[in-house]
Amino acid sequence: MAVSRIKVLADDVVNRIAAGEVVERPASVVKELVENSIDAGARRIEVDLVAGGRSLVKVSDDGHGMSEDEALLAIERHATSKLVSAEDLDRISTLGFRGEALPSVAAVSRFGLTSCADPETGGVELRIEGGSVIGVQPCVRGRGTTIEVADLFFNTPARRKFLHAPETELRHAQDAVMAISLARLDLSLAMRHGGRTLLEAPPATDLDQRVRDVFKLKAAVQCHRFDLDAGSMRAHGVVALGRGSGRPRLTVLVNGRWVKDRLLVGAIYRVLRNAGAGFGGARVALLLDVPATQLDVNVHPAKTEVRFARAGAVFALVERAVRSAVTASHGTVAVNKIYEAGADEPRRGPSVAEPEPSANAARGPSLFSHPVYSPAPQPRGLTDTPAPRLAQPTPKTHRSGARAGEADTPFGRLIGQYRQSFLLLEDDHGLVIVDQHVAHERVLYDRILRQLGGERAPSQRLLTPILVDLGEALTGALSRVVELLDKVGIEADAFGPETVRISALPPDLAPHDGEEIVRELLDRATELDGVPDQVAHGLVEDLAASLSCRAAVKVNHRLVDAAQRRLLADLAAADDPYRCPHGRPIILRLGQEEMERRLGRR
Ligand code: ADP
Ligand code: MG
C-alpha cells in the first residue's frame, strides 16, 4: 500500500501559518492584545515597547483576567470565550472572535502571560517559546492580565527580515494605540517606549479632547466635528485642519474596530480632494457605527477590513458627514469656486479643468494650447433662459468686437491682482485667472527638485536654533532624512532622544514652516513601507511638495507689479505651468465666447 501523500499539518505548523496572516508586525500584536484587553472589560491598558516592539511588546490590563485553565485554553487554536455558535458570527459585538491571536503570536515569539481572575485564589503564569509551553506556575498579582511578546519572529527568520527599523515599527504601533483610544474614550491608556512615556490618555468625555491629546495637536489647529445619522447608521468624528501639504492622515473605526477599509478611505479622500486648498496635512478621525447584522468583520485575517451589507448607503453617509465638517471649515476662495459660480452644475476640484481634448482646446499660441488650459465646455440648458443667439456661433468669431490688449507677459496682458490672491490677465481668447499661491508653488517645486538633484540651495543660519519636540519615533528617523534636508537648505540634528534641532533654513522660509516641514518629512519617513529606493523617491517628492507649499506666497498677499510679472515669467518656464504637482489647476480662463454667451451677446 502506498503511503498517502496528503497529511494533516501538525498544530505548531498550522499556528505558524496563521501567524503569518494575523501577525504582520509589532503593531498587529499591539492591536490584538489591546483588543483582547478591551474585550475583557479593562478600564486601564498600558502598552510598553522596546525597540519599536521588535524586542518586546507588553500589554497589561485590569480586565476580568483568566483562571489557569482558561489561560491554558486561550493559547489553543480556536479557543475563544466570545463565540459559541455559528449564529453568533452574524452579530459579533466583541473585537476578537476567532481565537487565533494568542496561539498565532505565541507560535512566533517568546511569550509570557500572567493573569488573575480572582486575587483570592491567585494568578497563573505561562511561558511559551515558539508555540511550546515551557512553564506553568502560580503567581501573585491583582486582577487582570499581562502579556509579554519578546523577540517577535525569532523562529521565522524570513518574516523577521521584513520588519522595519524600530522607529517605523513604533510609528505603526502608535497608530494602532491612537486609533483604539478614539474608539473608547472611557479607557485610560498609556504607551511607553523603552520606559519613556509616549502617550498618556486619561478617560475623556469628548472626542475633540481625545483627538487633541493623542495626536498632540497644537491649540491653534482647528478641529471640526461632524456627526450624521442615516437610519440605524451613524458617522461621526473630527477633521483637524492641516496647515501644510502632507498627505491627510486618516483613522477609521467601524463599530469601535480599527480598520483600513478601502471604501471608507476612498470616501474621505474624495471629499478632501474635492475641497481643494487647505487640506494638506489634515487629520481625519471617522467613527462609523452600523448595526452588527449589516456588517461582516470576518473577511480579513487581521480583521482590518470589513464588508457592509449596504455599502452604497455607507459611502454616501460618510461622504456627507465628512463634507459637512469640511464645509464648516471653509474660509478661503478656491479657484474652482469662481468657476462654480458661473457653472450650471457645480463641479468641483480637479474635474474643473480635466483634460478636454475638444476643438476649442487647441487654438491659440503654443503656451496656451495645453488641453487643461481651457475650461471644459458648459453643460447646456440647465439654467434660466437660454441666451439669445443671433447666429450659430463659429469658433473664433468675436462678435462683440472686443479686442485684447498687447501681451506683456507670457500669459497675455497683465490687468492686475484680484483680491490680493489671483492675477488677472487678458489674452486673445478671454480673461485669464492665475492662482498666485499655486503658481508659485509650482515654480518652487521644480526648483526644489533641482536642488534635491544637486543644485546648490541657499541657506541661512538661525540666530537661535529651533528646538522641536517630535517624540522618539520621529526623532529616531532623523538620520534617514538629514541629507535630504541639507540639500534644500535645512540643517537639522538630533538634540536628545526626542528633540530635533534646526539651525539653518532657506532664507524665504519662516521658522514655523521649517519646523512643520521637518515634522512632516519625518512623519512620512516612519510611515512609508517598501523597498528603500521607492521610499527614498517618495520622500523626495514629499519634501518638495511640503516645502514648496509652505514657501509659496499665500492668498491675501499683495504682490507689486514687478513681483506679479516675475511670477508669471517663472511660471511660464515651469515643467507644467497649468497644474500644480498634485493636479490642481493653476490657470483658469473665462473664454470670450462663454462671457458673451452669458452676457446675452450670443
Ligand atoms: P479571540 O480574541 O478571538 O477570542 P484570542 O486568541 O485573542 O482570541 O484570545 C483567546 C481567548 O483568551 C479570548 O477569547 C479570551 O477569553 C482570553 N483572553 C485573551 N486575552 C485576554 C485578556 N487580556 N484578559 C482576559 N482574557 C483574555
Ligand atoms: Mg483576540
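**Exercise 1.** At what angle do helix H14 (residues 511-527) and helix H15 (residues 532-551) pack, and how far apart are their axes?

Before we start: this is a predicted model, where local features need pLDDT of at least 70 and side-chain atom pairs count only at pLDDT 80 or more, while totals for chains, interfaces and linings use all residues. Residues are numbered from 1 along each chain as its sequence is written, and side-chain values use heavy atoms, with hydrogens and water left out.

*Solution.* Step 1: helices here are DSSP runs (H or I) of at least four residues, and strands (E) are runs of at least two, numbered from the N terminus. Step 2: the angle is about 160°, and the axes are 10 Å apart; axes are lines fitted to C-alpha atoms, for helices over the stretch in contact, and angles run from 0 to 180 degrees between N-to-C directions. Step 3: H14 and H15 are therefore roughly antiparallel (over 145 degrees).

Step 4: the contact (heavy atoms within 4.5 Å) includes Ile517 and Leu521 of H14 and Leu543 and Leu547 of H15.

**Exercise 2.** Find the strand order of the open five-stranded sheet, and its edges.

*Solution.* Step 1: the order reads E9-E10-E13-E11-E12, with mixed pairing (two strands pair if DSSP finds at least two bridges between them). Step 2: strand E9 (223-230) and strand E12 (257-259) are the edges, each pairing on one side only. Step 3: E9 runs antiparallel to strand E10 (residues 233-240), joined by eight bridges.

**Exercise 3.** Locate Pro119 and list what Pro119 touches.

*Solution.* Step 1: Pro119 sits in the loop between strand E3 (110-116) and strand E4 (123-129). Step 2: leaving aside residues up to four places away in sequence, Pro119 touches Arg141 and Arg143.

Notes
Chains lettered and ligands numbered in written order. Parallel < 35°, antiparallel > 145°, perpendicular 65-115°, else oblique.
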